[in-house]
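Work through the exercises below with the structure in view. Each task is followed by a solution in steps.

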Amino acid sequence: MNVLLALIPLSILMLILGGVAFFWAVDHDQFDDMETPSLLPLLDDPDTPLQPAGKP
């Protein structure tokens with residue numbers, strides 16, 4: 001039962017931090033363009049040769 005005295009304030013603190021992080025992300029335009037990142041892999045040119053990982 002004593003563990004509830006620690007877990008309840010900890011969960012409230014985590015809820016507040018999650019809310020702050022969400023509103024920070026909204027204020028900094030993190031959710032403006034939700035479609036372009038999912039389309040970027042489709043725009044790769046398939047004709048370009050792959051280079052080995054060790055050579056630039």
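**Exercise 1.** Is phenylalanine 22 buried, partly exposed or exposed?

This is a predicted model, in which local features need pLDDT of at least 70, side-chain atom pairs count only at pLDDT 80 or more, and totals for chains, interfaces and linings use all residues. Residues are numbered from 1 along each chain as its sequence is written, and side-chain values use heavy atoms, with hydrogens and water left out.

Step 1. Buried means under 20% relative accessible area, exposed over 50%, and partly exposed in between (1.4 Å probe, protein chains only).
Step 2. The relative accessible area of phenylalanine 22 is 44%, so this residue is partly exposed.

**Exercise 2.** Classify the aromatic pairs.

Step 1. Rings of Phe, Tyr and Trp (its six-membered ring) pair if their centres lie within 6.5 Å; planes under 30 degrees apart are stacked, over 60 edge-to-face, and the rest tilted.
Step 2. This rule gives 2 aromatic pairs.
Step 3. Phenylalanine 22 and phenylalanine 23 are edge-to-face, because their ring centres are 5.3 Å apart and their planes stand at 70 degrees.
Step 4. Phenylalanine 22 and phenylalanine 31 form a tilted pair, with 6.0 Å centre to centre and 40 degrees between the planes.
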